[in-house]
Amino acid sequence: MKRIFLLKGLDCPNCSAKIEKEVGELDGVQSSVVNLMKQTITVNVAQTAADTIASQIETIVHSHEPDVEVSEIVQESYIPEKKQEANESYNNEDKKLTVRLATGAAIYAIGMALTVFAKVPLPIELAFLIVSYIILGGDVVWQAVRNISKGRVFDEHFLMSVSTIGAFVIGEYPEAVAVMLFYQVGEFFQSLAVERSRKSISDLMDIRPDCATVRRNGELITISPESVAIGEIIIVKPGEKIPLDGVVLDEDSMLDTRALTGESVPRSVHKGDEALSGCMNQTGVLTIKTTKAFGESTASKIIDLVENASSRKAPTENFITTFARYYTPVVVILAAILAILPPILLGGGWTEWIRRGFVFLVVSCPCALVISIPLTFFGGIGAASKRGVLVKGSNYLEALNNVSIIVFDKTGTLTKGVFNVTDILPANGFSKEQVLEYAVQAESFSNHPIAKSILSAYGKEIDQSVISDYKEISGYGISAMAGKKKVYAGNTKLMDSEHVEYTACEKVGTKVYVAVDGQYAGCILITDEVKPDSKKAISDLKHIGVEKTVMLTGDDEKIGKAVAEELQLDEYYAQLFPDQKVEKVELLDSKKRQGSKLAFVGDGINDAPVLARADVGIAMGGLGSDAAIEAADVVLMTDEPSKLVDAIEVAKATKQIVMQNIVIALGIKSVFLILGALGIAGMWEAVFGDVGVTIIAVLNAMRILKK
């Protein structure tokens, strides 16, 4: 069974990784995932362990973060905190910590000033420094003791406690307090960085309205959006957000869809149009009939997607977590060897070598890596959301870096998917009007874009009562009885399967062949327009390193060839059934470069099998499409292929910052570890090697939010 617990106040990436690991190792727990943005832990637990899991989780959490409040979330009734509560980046706990750090630093400064200028005796200097140390680092030492008592020795609390207490023992009093002071300052900056990143994404996703105005019994009342039922009438005034998905009943208006799509250009809505939750109404008063409950509306689904994205960790994140787990014990052992072996082998000099061992410990703390790497991916997901690209996890964000082949569906992806009848070619004595009318009768129950274009061209009322025995034949077309006549409307495969003698149309476009009672009646030519930015998107993808672009389509060879040549695609495959698209993707996947990824871009409605088969499934035009949001790994919230370029650029920028932080952290730390071992670097240099590098890495990670 699945259970979710709120970890209110959790803001440490390092601690969250430890909590996730330890909870996952409990008896009866199949999986454990900590979501740092939502401050939750989700566990799948066996029924036999369900009664004790809550207390076990609380014990583990408090062993790492005593001040974090643990409570279980009842999913059905869970409503996220209001933004003023959830998005506070400088809260009361931060204020208390600021006062504590300022007090400890002030006492430390007074003690040092008295020592330097007043030449006070050593006991007085020690009194100031010890009081300052207790204020600044008492919680760190106490946490280290608690962890050791539970068998958890090798962590940053242990490193800081041993190195600073050891510095006191060997007479490095000012340095001991300074190390603890700057360590706490670094932790404080880390906490603020996480909160700022969380706030940035929360502000970006602040599309969930707090209330809805509903018309009930002739009166307007304001209630919570969760209380609005499907089919109720809501009123949205200018300047208000649409709280639930619905259909506009009257009035025209302009909607700001920026929060959903990243686009600044408003969209117009008219009577009968769909209005999506999260959009801002700009002009007229809208009357909307709701079509979805609050939890199923577009705004809620998008928020849930972005908030849960951090639970799917990238391979680099998992590697860093594993690396830190083994790295810390190794450096502790090396520090012990450095402090003990040289005096034994070389004789004398215990104090100096012990000092070097403590310096080695301070520098070796892996905070820069375990904090900045998750923070960078966290920010990358937010940066992509800002551009109207929803990435379901940092694993998919990292995978976008390695995409070498991108396979596109044609209709609705590279083309507009808006079909228009451009010609009717009658045969065997039928008139154009008769061909169109028979086609309309066959297509009248279909929701396919081609069917809609034929109905639009007809432009008259249809008597559906005369239509019976309606059948949609996947990949072929439609058969139906129109009165006493058997009508077929579809492609050449349908004509061949029904043994209808027909004349193939040589014009470029989608063809609907019509047959009546086994006799060929004529052909309807339908064309689809290529999207304005498709060609530039293909060109830009090649420019940023995509090796091959391929198009798959169910249309005939001529249409496929014409579109592929216009867009300068590398390959195309036409006249494909849905299952054949999967086969082509598997074939292309088998030929890709080792270590690279294949991405498929489709409309997310008819392409679910292919989206699932690709390494990265990307849904195009996901705005309001449930199927797109559910099926894909990445959702482009507009109909623009160029959004795919944005997605890959954000992914590459994220990966670049991650690699920079790995090089910065390991590079600088390696230098200072060597200098510390040689006795060249002291405690002050060690502080920079630990805290300074951490702050640099965190600030570098925050750059992704500006992308």
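Is Cys 505 buried or exposed? Cys 505 is buried, because its relative accessible area is 11%, and buried here means under 20% relative accessible area, with exposed over 50% and partly exposed in between (1.4 Å probe, protein chains only). Before going further, note that this is a predicted model, where local features need pLDDT of at least 70 and side-chain atom pairs count only at pLDDT 80 or more, while totals for chains, interfaces and linings use all residues. Residues are numbered from 1 along each chain as its sequence is written, and side-chain values use heavy atoms, with hydrogens and water left out.

Staying with the cysteines, the closest cysteine sulfur to that of Cys 505 belongs to Cys 523, and at 4.5 Å it is too far for a bond. A disulfide is a pair of cysteine sulfur atoms within 2.5 Å, and the structure holds zero of them. Cys 15 counts as buried too, because its relative accessibility is 3%.

Cys 15 is also one of the buried residues of H1, a list that includes Pro 13, Lys 18, Ile 19, Glu 20 and Val 23. Helices (H or I, at least four residues) and strands (E, at least two) are DSSP runs, numbered from the N terminus. The length of H1 (residues 13-24) checks out as well: its end C-alpha atoms are 16 Å apart, which agrees with the 16 Å that its 12 residues should span at 1.5 Å a residue. That expected span is 1.5 Å times one less than the number of residues.

Now for the sheet. Seven strands form an open sheet in the order E14-E26-E25-E24-E15-E22-E23, with mixed pairing; two strands pair if DSSP finds at least two bridges between them. At the edges sit E14 (389-391) and E23 (571-573), each pairing on one side only. Direction ignored, neighbouring strands are turned by 20 degrees against each other on average.

Ile 405 shows up in both pairings: its bridge partner in E24 is Leu 598, and in E22 it stands opposite Lys 548. E22 then pairs with E23 in the parallel sense over three bridges, with Met 551 partnered by Tyr 572 in E23. Four of the five residues of E22 are buried, so this strand is largely enclosed by the rest of the structure.

What about the nonpolar interior? A nonpolar core is a set of buried Ala, Val, Leu, Ile, Met, Phe, Trp, Tyr and Cys residues joined through side-chain atoms within 4.5 Å. The largest one has 102 residues, and those with the most contacts inside it are Leu 400, Ile 406, Ile 618, Val 634 and Leu 644. Helix H23 (residues 642-677) supplies the largest share of this core, 14 residues. A second, separate core of 25 residues includes Ala 275, Cys 279, Leu 390 and Val 635.

Finally, Tyr 173 is found in helix H7 (residues 173-204). Not counting residues up to four places away in sequence, Tyr 173 touches Leu 122, Leu 126, Leu 129, Ala 167 and Phe 168, where contact means heavy atoms within 4.5 Å.

Methods. Axes fitted to C-alpha atoms, helices over the stretch in contact; angles between N-to-C directions.
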